[in-house]
Amino acid sequence: MEKRGLSASEARKRLQQYGLNEIREVSRTTIVKILLRQIRNNFIVYLLLGAVFISFFVGKDITAYTILFVIVMVIGVGFIQEYKADKAIKALKKMIFPVSIVIRDGKERDVPSLELVPGDIIILRSGEKVPADCLVLEEKDLVVNESILTGEAKEIRKEAMQSRKKTTEQNVLYMGSFIADGKCVAEVQHTGMNTRFGNIAKMISTAEKELPLQKKVNAVAKYMAIVALAVSILTGLLMVLQADSLTPAFLVSVLILIIALSVSAFPEGLPVVLITALAFGARRMAKQNAIVNRMSIIQTLGETTVICSDKTGTITKGEMTVRNVVVGGENISVSGIGYTSNGDFTLGNRLMKASAHPLLSQLLKAVVLCNDARIERTGENHFFRGIGTPTEVALLILAAKAGIFKDDLKFTRLEEIPFSSERKMMSVLCSLGKKRIVFVKGAPEMVLEKCSSVQKLSGVVPLSAREKQQLLAQNQQMTSRALRTLAIATKERVSSQKDLDEELVFLGFVGMEDPPREAVKDAIAQCRAAGISVKMITGDNKETALAIASEINLHGKVMEGKELERLTESQLRKVISNISIFARVQPEHKLRIVKALKSLGEIVTMTGDGVNDAPALKEAHIGVAMGKAGTDVSREAADLILKDDNFNTIVSAIKEGRTIYRNIRKFVTYQLSCNLTELAILFFGVLLASVLGWQIPLLLALQILFINLVTDNLPAITLGLNPPSTDVMNETPRKGTELLSRNVFLLLFFTSGISAALILAVFYISFNIFGNEIDVARTTALVSLILLQIASAFNFRSFRKCFFSRSLFTNKYLFFASLISLAATFLILYTPLNQIFETVPLLVVDWILAGSAGLILIIVFDVLKMINNRMRFFDFWK
């Protein structure tokens with residue numbers, strides 16, 4: 001048939017008719033939008049603008065320009081952090097859409113798979129993913145892997161349709177599957193959500209999950225803002241009531257102070273710091289191959305109690321690997337997983353060299369020559385890319401471990417009888433030098449039926465019926481261990497093609513499987529130590545699932561899908577905690593499993609790679625999709641994407657999730673303690689002024705704004721970048737942990753209370769005892785507050801470990817942020833900027849007095865930490 005395909009104009013019409021059914025990347029937020037959002041949503045900006053107008057109105061131009069600079073800094077810092085976070089998120093989520101070869105106007109064209117329409121004629125080759133549901137028009141040796149839909153790594157033979165009225169499953173290619181071998185020309189029937197692939201996707205809710213982290217932070221900021229405004233106004237009223245005369249200049253200064261104090265105590269930095277911490281954590285997780293799709297789920301990730309993992313491609317490699325070779329009556333074990341030539345041959349407990357074993361060497365050459373697949377080096381040492389069926393690629397990798405490659409063998413293939421479902425064998429006749437040799441591989445029972453003799457170390461001997469039964473029993477023993485077996489045979493002296501696979505000489509068996517990833521066993525042990533249970537959910541049979549579970553030390557009861565169907569929801573809830581392995585399950589079964597676990601109060605993380613996993617990924621608290629083998633639908637449904645498809649990365653992600661949430665709690669507690677400290681200093685300073693003869697306010701408006709800009713936000717941001725604790729995975733998960741629990745509130749009020757008392761004491765000593773001028777006392781109190789907040793930030797690095805037991809560089813970001821704060825403080829003391837901020841240079845004795853407050857705070861906290869570590873009065877993670 002002539003394959004001109006659709007015309008370009010007809011394709012465009014159909015594209016408009018059917019629409020783009022794939023999920024598109026969200027357009028990048030523009031710089032202008034972020035700037036406008038910073039100005040529109042930042043209540044602080046409006047307060048400061050009011051202070052600017054008032055300052056200009058009363059002739060305080062320097063104050064007005066300084067506050068304008070503060071406004072620019074507030075907007076600038078917020079913009080930079082949000083822009084970076086936005087850019088990081090988009091970079092992490094960005095996906096590369098595939099391209100399909102389409103025949104349009106009689107020519108082959110590369111077209112984005114998103115733009116395929118029904119009626120398009122596409123060309124598919126080995127290794128390519130099927131971009132739509134298609135009918136096969138022409139094919140050559142077409143074999144398809146539909147594990148992405150079924151969960152089973154089996155190749156399916158497909159054939160060209162004979163008539164449109166009589167199409168069968170063998171004539172249809174489904175979107176999401178891939179061509180394991182051969183090539184074809186196919187006609188697109190359905191695209192996007194109209195495919196079988198998409199029908200499963202329709203089971204996924206498009207609604208965003210309700211995750212409380214952002215709400216918690218916003219609620220904290222809201223309540224703190226109310227407190228800040230109330231205390232600021234009350235402080236201003238007290239100043240007015242205590243004033244001897246109410247001049248306009250005094251009233252303006254009081255108003256500006258109220259605004260400055262409100263700005264300083266208002267935790268406007270919390271959302272920005274939260275975004276920064278989450279974005280940094282997401283980048284750190286990305287370096288460990290975990291891409292966060294929705295950053296707001298990080299809290300829930302750290303609370304995970306159950307991981308439901310798909311077996312194929314997640315716990316296992318998704319790459320067939322030969323594990324055993326039986327030759328000459330000897331059972332030889334083969335190490336190494338996946339498509340890598342790293343691996344050893346072991347006989348008993350003794351390593352052996354394959355080339356030194358004549359029968360093994362002969363068998364390896366046979367599996368290379370009776371093979372249509374190819375392997376190519378990836379550029380990474382010892383790693384290969386397979387082109388062809390997974391079974392044949394596994395055989396080539398087996399030979400590569402012995403240093404045997406097809407390119408090194410000088411042969412010519414003379415005849416071939418391809419594999420078919422009837423024969424269940426593949427036979428080839430090759431010319432090697434002057435010899436003409438037949439090599440056969442296939443189902444053991446079919447190959448043994450064609451064998452009349454067997455190759456042994458002593459030579460070729462007749463194969464008796466009894467020995468044939470023994471070989472079949474040996475094969476059965478291998479299959480009981482969930483190994484997929486092939487028999488290999490050979491013979492010389494062929495007279496015609498008719499006897500190509502008759503009177504064969506049996507060489508041996510190879511047993512292969514889709515093996516567990518090397519790190520999975522350790523990852524499951526870590527999960528067990530962290531109080532997280534693992535449940536393996538697979539479409540494979542019970543025996544295969546049990547064999548894999550045994551290899552990775554996953555223990556527990558097994559349930560098959562048909563058993564699950566017979567249980568009611570209440571019955572399932574009663575038994576599900578004891579089930580570790582679910583076999584022969586369907587997508588709806590996975591949904592029931594996740595829902596049952598959630599109903600028991602478990603925090604469920606579901607991992608998977610295929611479309612069949614997507615509904616459960618969306619239903620779970622945390623859905624984890626595979627980046628390499630996963631589908632667009634499963635990745636969109638997921639909250640987390642694994643770039644390396646490695647189960648071990650899940651554990652790293654949970655560890656990072658726990659760390660990020662701890663850091664969020666640290667910086668929220670730290671920043672609120674700083675805000676409350678500043679409120680307490682100004683408020684109680686006004687109350688004590690008449691008793692102690694102090695001039696109010698203790699700190700001026702611009703000084704408060706300086707503290708807010710330099711020492712509040714910078715250390716808070718860096719606390720969000722704290723590295724993980726070594727014991728973070730040694731604790732059981734905390735479900736429903738509040739951001740500010742009762743114990744954290746106690747810590748917050750204790751910190752702000754003792755900090756305010758220390759600053760008031762420093763002011764009292766400087767002004768009342770040392771007899772310094774008000775400017776000196778005020779500057780000393782300002783410097784003391786800055787040093788104290790830096791010390792407090794170092795205290796908050798850990799709620800358990802003492803300051804003096806940790807290096808200053810444990811959090812290098814905090815160290816350098818502290819240096820910046822100190823440098824800025826020196827600038828406003830020892831440069832002409834001191835005229836703007838109304839500070840004075842301090843003497844050494846004043847610095848000693850100022851620094852003593854921070855030192856006392858560090859000592860008090862270290863003592864309390866040591867007592868609490870022994871007595872366990874408070875658990876700040878509860």
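Let's start with Glu619 and Lys598, whose side chains form a salt bridge with the closest N and O atoms 3.1 Å apart. By salt bridge I mean a side-chain nitrogen of Lys or Arg within 4 Å of a carboxyl oxygen of Asp or Glu. Glu619 sits in helix α21 (residues 614-619) and Lys598 in helix α20 (residues 587-599), so the pair ties together parts that are 21 residues apart in sequence. Helices here are DSSP runs of H or I with at least four residues, strands are runs of E with at least two, and both are numbered from the N terminus.

Before I go on, a word on the source: this is a predicted model, where local features need pLDDT of at least 70, side-chain atom pairs count only at pLDDT 80 or more, and totals for chains, interfaces and linings use all residues. Residues are numbered from 1 along each chain as its sequence is written, and side-chain values use heavy atoms, with hydrogens and water left out.

How many salt bridges does a search of the whole structure find? The search gives 22. Let me show you two others. Glu169 pairs with Arg196, with 3.6 Å between the closest N and O atoms. Glu169 is in the loop between β5 (155-157) and β6 (172-173), while Arg196 belongs to helix α6 (residues 196-201), so this bridge ties together parts that are 27 residues apart in sequence. Glu169 comes out as partly exposed, with a relative accessible area of 45%, and Arg196 is partly exposed at 37%.

Now for Asp120 and Arg104, whose side chains meet in a salt bridge at 2.7 Å, N to O. Here a loop meets a strand: Asp120 lies between β2 (107-112) and β3 (121-125), and Arg104 lies in strand β1 (residues 99-104), so the pair ties together parts that are 16 residues apart in sequence. Asp120 counts as buried because its relative accessibility is 0%, and Arg104 counts as buried at 9%.

There is also a network of salt bridges, which links Arg323, Glu513 and Glu551.

Thr391 and Met512 are 121 residues apart in sequence, yet their C-alpha atoms are 8.2 Å apart in space. Thr391 is in helix α13 (residues 390-401), and with a relative accessible area of 12% it is buried.

Phe750, Phe804, Leu855, Ile859, Val863, Leu864, Met866, Ile867 and Met871 make a nonpolar patch of about 830 Å². A patch is built from residues with over 30% relative accessible area and no salt bridge, joining like charges within 9 Å and nonpolar side chains (Val, Leu, Ile, Met, Phe, Trp, Tyr) within 5 Å. The areas come from the Shrake-Rupley method with a 1.4 Å probe, and for residues only the protein chains shown count as cover. Which helix gives the most to the patch? That is α29 (residues 844-871), with seven residues. Val863 is found in α29, and at 37% relative accessibility Val863 counts as partly exposed.

Next, the backbone. Ile696 and Pro697 are joined by a cis peptide bond, with omega about 0°. Pro697 is placed in the loop between α23 (647-692) and α24 (701-719). Asn553 has a positive phi, near 60°, in a residue other than glycine, and its place is the loop between α17 (542-551) and β24 (557-560). Glu838, also not a glycine, has a positive phi of about 55°; Glu838 lies in the loop between α28 (833-837) and α29.

Last, the inside. The structure holds six cavities of 30 Å³ or more. Among the residues lining the second largest cavity, Lys666, Ser725, Arg797, Ser798 and Arg806 lie nearest its centre. A cavity is a set of points, on a 1 Å grid over the protein atoms alone, where a 1.4 Å probe fits but cannot get out, and lining residues have an atom within 4 Å of a point.

Conventions
On a 1 Å grid over the protein atoms alone, a cavity is a set of points where a 1.4 Å probe fits but cannot get out, and a pocket is an open set with protein on both sides within 12 Å along at least five of seven lines; lining residues have an atom within 4 Å of a point. Grid points are joined across faces, edges and corners, and a volume is the space filled by probe spheres set on the points. Buried means under 20% relative accessible area, exposed over 50%, partly exposed in between (1.4 Å probe, protein chains only).
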